[in-house]
Amino acid sequence: MTRSDPSVHQPFSSIVDNNEMAISRMKNSRELPLNPNFKQQFLSEGSEWSFELLAKYDKKIAELAEEFGLDTYPNQIEVISSEQMMDAYASIGMPLMYNHWSFGKQFLSTHKNYQRGAMGLAYEIVINSSPCISYLMEENTMAMQALVIAHACYGHNSFFKGNYLFTSWTDATAIIDYLLFAKQYIQKCEERYGAEQVEQLLDSCHALMNYGVNRYKRPVPLSPQEEEARLKEREEYRQRQLNQLWNTIPKSERPKDAEEKRFPDEPEENILYFIEKNAPLLDTWQREIIRIVRKLSQYFYPQKQTQVMNEGWATFWHYTLINELYNQGYITEGMLLECMQSHTNVVFQPDFDSPYYSGINPYTLGFNMMRDIQRICQNPTEEDKEWFPDIAGSDWIKTLDYAMRNYKDESFILQFLSPKVMRDLHLFGIRDDKEQEHLEVTAIHDEVGYRELRKELSDQYNLGNNEPNIQVYNVNVRGDRSITLRHYMHDKRPLDDQSSQEMLKHLHSLWGFPVKLESVDDQIVVQAWECPNKTTEELIGKA
Amino acid sequence: MTHIIDRRLNGKNKSTVNRQRFLDRYKKHIKEAVNQTIKQRSIKDMEQGTEISLPSRDVSEPIFHHGSGGVNTRVHPGNKEFHQGDLIQRPPSGGGGGGAGEGQASNTGEGMDDFVFQISQDEFLDYMFEDLELPNLVRKQLKDASQFEYRRAGFTSAGTPDKLNVVRSLKNAHARRIALGGKKRKRVKEILEELEALDEKTKAEGTEIEDTPIRAALLEELEELRHKLGKLPFIDDFDLRYNNLIKVPMPSTRAVMFCVMDVSGSMTQAIKDIAKRFFILLYLFLKRNYKHIDVVFIRHHTTAQEVDEETFFYSRETGGTIVSSALELTDEVIRDRYNPADWNIYVAQASDGDNWDDDSIRCAKILSEKIMPQVQYFAYVEIGSRFHQNLWEEYRHVASAFPEQFAMQDLTDAGDIYPVFRELFERRDA
């Protein structure tokens, strides 16, 4: 959870500050038309903000957002200081969180970087909850506050409320209560069983956090009251189940072929879930903590899958709303310029050969695609009509809304990435096969390459490809109780040896009996680990 | 519907607990880093926070991730001259421009910078002085306490008016009035009931209420009782209670530190620098234990003087060396200004070991007879001498006579200061 988690929307932090370029781009890209139908009625002129002004701007932006059909949770805007922002960073943006050293580590590094001036703080953090909580920093100018309100309170907020992943996988109304429950429960455990034990358990759980989600099964939304009530029931149930599974009294007549049956029958992708339900030695409180980490992981899972869309959507709307404010004469030209400068910084995409390059900027990609969809709807070219017959010339508000609700990054790119965006960004694909001497350019932004390029980019956002696919394969129920995990290789990509060994130690401490991990390519085990220690050679060599 | 909330006044140190947990978890590493820093740092800026740098491998949190190998296809922006099918030389060691993979590689902790963070001055000193303690501190606190503090200890029946406790006094008065009037009030109640019964009876008989002798007697008694009750004083002398304050002996929180140094010609500036560092370290350490610290600088060659800090460290004198003169002066100053009953006395002496031969015996004598009985601790460091002279030998005798209070070590260069200091003040198991 301490890895840069997408729950924290830090739109304006990681962007290279390149003012010169920002300004020149802005001059090229926008002339500033003033709609003569609206007379100037500026909400404010100076750069200072006040609570009255925040309310005034928010009201105006809310009106505009409604005209554009944005459906949002109620907003809760909280003004905080920069120190508090650092605290918020450290607890992955959540207003409350249980205690763990890794959050302290996060805090220390944020603090250090901030003091050194190596890093600016995000202008805002927004939380997927109802009411939707957004943090605004007191240091921001009025223009920035307006931009952030448009971005977070109406952009992200409407995305949280509308996107299918969020609506079906998370329960915005309950998350804060659940966090409170989790914090208190873990605190109680620390008092009763010692902070050290709890810490060790959390370490292991955090390590496996990415494997604590159901990718396909839809979870039941979590409600804190239910949670509390079902806690006891669950404890009893677990014990019963375990007793059955690990029953050592031999059954009188065991059918012969039962020996070969694996447990679980089908490989289980949710490793934490499997451990919570089946690990032989865990106490009920330990199972409950695993469950808490699992639930949080599930809560953050949609955010990981919609980074491009979510940021693109929010950026598109702050851009649109701020311009609209200007067009209707509510903000001054100076304010518009300030907003657009920040905006340009946010969507700055360094080229692959720039020293600032660190992958594709999700803001840029998302924003460009959203703008492009708007363009295709409003002014379709021949090419658009050929590529997107369904949406070319349609109502752009409806089309964007539809896209926002029903896609995640992977499918969104596959569906909507247009040749024009690929050309604008000069995208090209590189294939790196470790067995080849050279890297190969697979496709570029030209007629033959568009489809291939689009598929490659879409794959790049498929979490299933990026995270190693590891599942619980078998448990030796009758023998030494060892658990076997299988890594199903994709594109022959191996697991990192060192971290896998570390991970097995964590798994071992949770499971309590030997843990095996096998990398499988085409049904053949090519690499294997075991904890307590054995190397690949020993394991495969014997076989 | 929007709520705007000003959270700026809420606590801003939400992360304190987590920060502390991190520090605790990596205590060993941090201590090591602190020790490293001390070696490099001049003592002058000892009293600052510091940057701690831990290998990021040690603080990393593992996750499953891909290692290098296999086929990896990625899309990048900013194409300039590539065409489909172009072959490109693999850039050295992954990463960078057109290379493989993005952020993932950093999760191994390999190739990443160290994890660097800041600890405060207090934390720095905590780590620095951890496991060190002032010798004989406990003894001093129990014995010889000459400072007192007044503490509340219940109530007394005698005292001065300014200590009067009103609530307590009124409570007492109230209780007394209840106790003394109880019997009479009970009788009053009885009489009233009797009178009522009497009246009912006459009423039932249909006659007028009139003064029968019984009734008259009752009324008279009632009158008398009421009079007596009325005469109970509202507050009496023995109701009064006073706050009681008692004297509690307080351990002395004052300490004086004597810096004694040889400034004869044989002491070079380098040696004096080392001595200075040692003194500063001691000063910082004392400051953590005592509220108030005096420092007395005594320097000597053939004669001793009490001087200010500047002169002590930086003016140079030449001449012979008579150590006993300094010890005499120390004793004098203690007797003059620092009564051992009030002060915790620490003496640190630095020298290169030079002394007039027959003076060393005198030194030992002054130490054993005059100084040692009065001080908490006497630390002697000999700096830069390759072989010990007879002063060292004499001091050894003193050390064996006062093993608890007398310590001696030799220092050769600046790097030794902290280790030697640690050794001198290491926490000893009782």
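Just after helix α3 (residues 82-90) of chain A, A:Ile92 takes a positive phi of about 40°. This feature belongs to a predicted model, in which chain A contains 22 helices and nine strands.

**Helix α3 of chain A**

- Seven of the nine residues of this helix are buried, and the helix is thus described as mostly covered.
- The buried positions are A:Gln84, A:Met85, A:Met86, A:Asp87, A:Ala88, A:Tyr89 and A:Ala90.
- These buried residues pack against β1, α4, β2 (124-127) and β3 (132-137) of chain A, and also against α1 (16-25) of chain B.

**Contact between chains A and B**

- Chain A contributes 81 residues to the contact, and chain B contributes 58 residues.
- On the side of chain A that touches chain B, the most is given by helix α4 (residues 101-116), with nine residues.
- By class, that side of chain A comprises 34 nonpolar, 26 polar and 21 charged residues.
- Strand β1 (residues 75-80) of chain A and strand β1 (residues 2-6) of chain B run parallel and are joined by five bridges.
- Within this pairing, A:Val79 is placed opposite B:Asp6 in β1(B).

**Nonpolar cores**

- The largest nonpolar core holds 163 residues. Among the residues with the most contacts inside this core are A:Ile149, A:Ala150, A:Cys205 and A:Ile322.
- Helix α5 (residues 142-162) of chain A gives the most to this core, with 13 residues.
- Leaving aside residues up to four places away in sequence, A:Ile322 touches A:Ala146, A:Leu147, A:Ala150, A:Leu336 and A:Cys339.
- A second, separate core has 56 residues, including B:Phe258, B:Val296, B:Trp343 and B:Ala348.
- As general background, nonpolar side chains in soluble globular proteins tend to be buried together.

- The domain assignment divides chain A into domain 1 (46-163 + 306-346), domain 2 (175-248 + 258-304), domain 3 (362-465) and domain 4 (468-542).
- The C-alpha centres of domain 3 and domain 4 of chain A are 37 Å apart.
- Chain A has 543 residues, of which 47% count as buried.
- Among contacts in chain A with a separation of 6 or more, 74% involve residues 24 or more positions apart.

**Four-stranded sheet of chain A**

- Four strands of chain A form an open sheet in the order β6-β7-β8-β9, with mixed pairing.
- Strands β6 (469-475) and β9 (524-531) of chain A are at the edges and have a single partner strand each, so one side of each is left without a neighbour in the sheet.
- From one strand to the next, the twist averages 25°.
- Strand β8 (residues 515-521) of chain A runs antiparallel to β9(A), and seven bridges join the two.
- A:Glu518 is found opposite A:Ala528 in β9(A).
- Helix α21 (residues 497-511) of chain A lies across β7 (483-488), β8 and β9 of chain A, at about 60° to β9(A).

**Strands β8 and β9 of chain B**

- In strand β8 (residues 254-262) of chain B, eight of the nine residues are buried, so this strand is largely enclosed by the rest of the structure.
- Nine bridges connect β8(B) with strand β9 (residues 292-300) of chain B, and the two strands run parallel.
- B:Phe258 has B:Val296 in β9(B) as its bridge partner, and the second core includes both B:Phe258 and B:Val296.

Methods:
Residues are numbered from 1 along each chain as its sequence is written. Chains are lettered from A and ligands numbered from 1 in the order in which they are written. This is a predicted model: local features need pLDDT of at least 70, side-chain atom pairs count only at pLDDT 80 or more; totals for chains, interfaces and linings use all residues. Two residues are in contact if their C-beta atoms, placed from the backbone, lie within 7 Å. Ala, Val, Leu, Ile, Met, Phe, Trp, Tyr, Cys and Pro count as nonpolar, Asp, Glu, Lys and Arg as charged, and the others, Gly among them, as polar. Two strands pair if DSSP finds at least two bridges between them. A nonpolar core is a set of buried Ala, Val, Leu, Ile, Met, Phe, Trp, Tyr and Cys residues joined through C-beta atoms within 7 Å. A residue is buried if 20 or more other C-beta atoms lie within 10 Å of its own, exposed if 12 or fewer, and partly exposed in between; C-beta atoms are placed from the backbone. Domain bounds come from an automatic or database domain assignment. Axes are lines fitted to C-alpha atoms, for helices over the stretch in contact, and angles run from 0 to 180 degrees between N-to-C directions.
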